[in-house]
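Student: Could we go through this model together? I would like to ask about a few of its residues and its surface.

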Amino acid sequence: ESSAPPPPPSEPDAIEAAAANASSISNPGPFEHATMDAKRLVSIDTYDGFRLDINKQLSPFMAVVHSFWLGTSMLPDGRNKTYTFLTQVADEAGLCMARVDLERQSVDGRIHRALLGGLVTSKVQVGVSAEGQTDQLLGELDFGGATWCGNLKYGSMGGGLVYGCNYIQSITSNWVAGGEGMYISANQSLLSNYMMKYTMEAPTIETSLD
C-alpha cells in the first residue's frame, strides 16, 4: 500500500515577502555623507610645505588639536602659513566644536544636539572673522525614517539669507537616490545637486584545507 506523496512546499505569502524585502533596506544616512566613500577613493589629501597636527585627549568627552601648516602656497587668501586651535566636546546626545585661526582672526563653531529622543538632530554653525566678509550663521534640522533622511537649512551667509533642504531615499538594499537645493539671497543664486549611489556587495571567498 503506497503512501500519498508529500505536499509541495508552500510559497511565502505576500506579507512575508514584503517584510523580508523591507528589512533589507536600511536608512541611507545624511545626504552630505552619501558621497564620502567615493571621495575617499578619488580625492587624495595632497599638500605642499610642512604640516603638523598635535592631538590631545583631555577626557573621555573632550579633545583638542593644534594644527600647523608652514611654507604652503595652497591657502586661498595668499598666506604661506597658518595655525589653528580646535577643541571638541562630545557625548551621546551631541557635540560642541570651536576652531580658532589666529592668522585670519576668525572663529568657527558647531553645535549638534539630538532632540525628541533622537528623532531630530539640530545643528548650529557659526563663523565670524575680523573683516566680516565671510561671517555666517546657519541652523539645520535633520530627521528621517526607516529608509530615508531629510534636512532643512535656514540662516545668513554673505550678508543675505539662506534657505536649503535635501532628501535621500534608499530604493533597494543597493540603490540610494537623493537631491538638495539651496537659495542664497546675497547673490540670488539657486543651487541644486542630485546623486544616485550603487553599493556593491562584498565578495565572499571560501577556502578549504584538506
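This is a predicted model: local features need pLDDT of at least 70, side-chain atom pairs count only at pLDDT 80 or more; totals for chains, interfaces and linings use all residues.

Student: How many disulfides does a search of the whole structure find?

Tutor: The search finds zero disulfides.

Student: And Cys96 and Cys149: buried or exposed, or in between?

Tutor: Cys96 is partly exposed, at 38% relative accessible area. Cys149 is buried, because its relative accessibility of 14% falls under the 20% limit.

Student: Changing topic, where is Ser170 found?

Tutor: Ser170 lies in strand S9, which covers residues 160-170. Its relative accessible area is 7%, so Ser170 counts as buried.

Student: Which backbone oxygen does its side chain reach?

Tutor: The Ser170 side chain reaches the backbone oxygen of Ser26, at 2.8 Å. Leaving aside residues up to four places away in sequence, Ser170 touches Ser26 together with Ile25, Asn27, Pro28, Thr147, Trp175 and Val176.

Student: Now the surface. Which residues form the nonpolar patch?

Tutor: The patch is formed by Val107, Ile111, Val124, Val126, Val128 and Leu137. Together these residues have about 440 Å² of accessible area.

Student: Which strands each supply at least two residues of it?

Tutor: Strand S5 (106-115) and strand S6 (120-129) each do. The largest share, three residues, comes from S6.

Student: What about Leu137, in which strand is it found?

Tutor: Leu137 belongs to strand S7, residues 136-144. With 47% relative accessibility, Leu137 counts as partly exposed, because that value lies between the 20% and 50% limits.

Key:
Residues are numbered from 1 along each chain as its sequence is written. Side-chain values use heavy atoms; hydrogens and water are left out. A disulfide is a pair of cysteine sulfur atoms within 2.5 Å. Buried means under 20% relative accessible area, exposed over 50%, partly exposed in between (1.4 Å probe, protein chains only). Helices (H or I, at least four residues) and strands (E, at least two) are DSSP runs, numbered from the N terminus. A polar contact is a pair of N or O atoms within 3.5 Å; within protein, one must be able to donate a hydrogen and the other to accept it, and residues adjacent in sequence count only if both atoms are side-chain atoms. Contact means heavy atoms within 4.5 Å. Patches are made of residues with over 30% relative accessible area and no salt bridge: like charges are joined within 9 Å, nonpolar side chains (Val, Leu, Ile, Met, Phe, Trp, Tyr) within 5 Å. Accessible areas come from the Shrake-Rupley method with a 1.4 Å probe; for residues, only the protein chains shown count as cover. A salt bridge is a side-chain nitrogen of Lys or Arg within 4 Å of a carboxyl oxygen of Asp or Glu.
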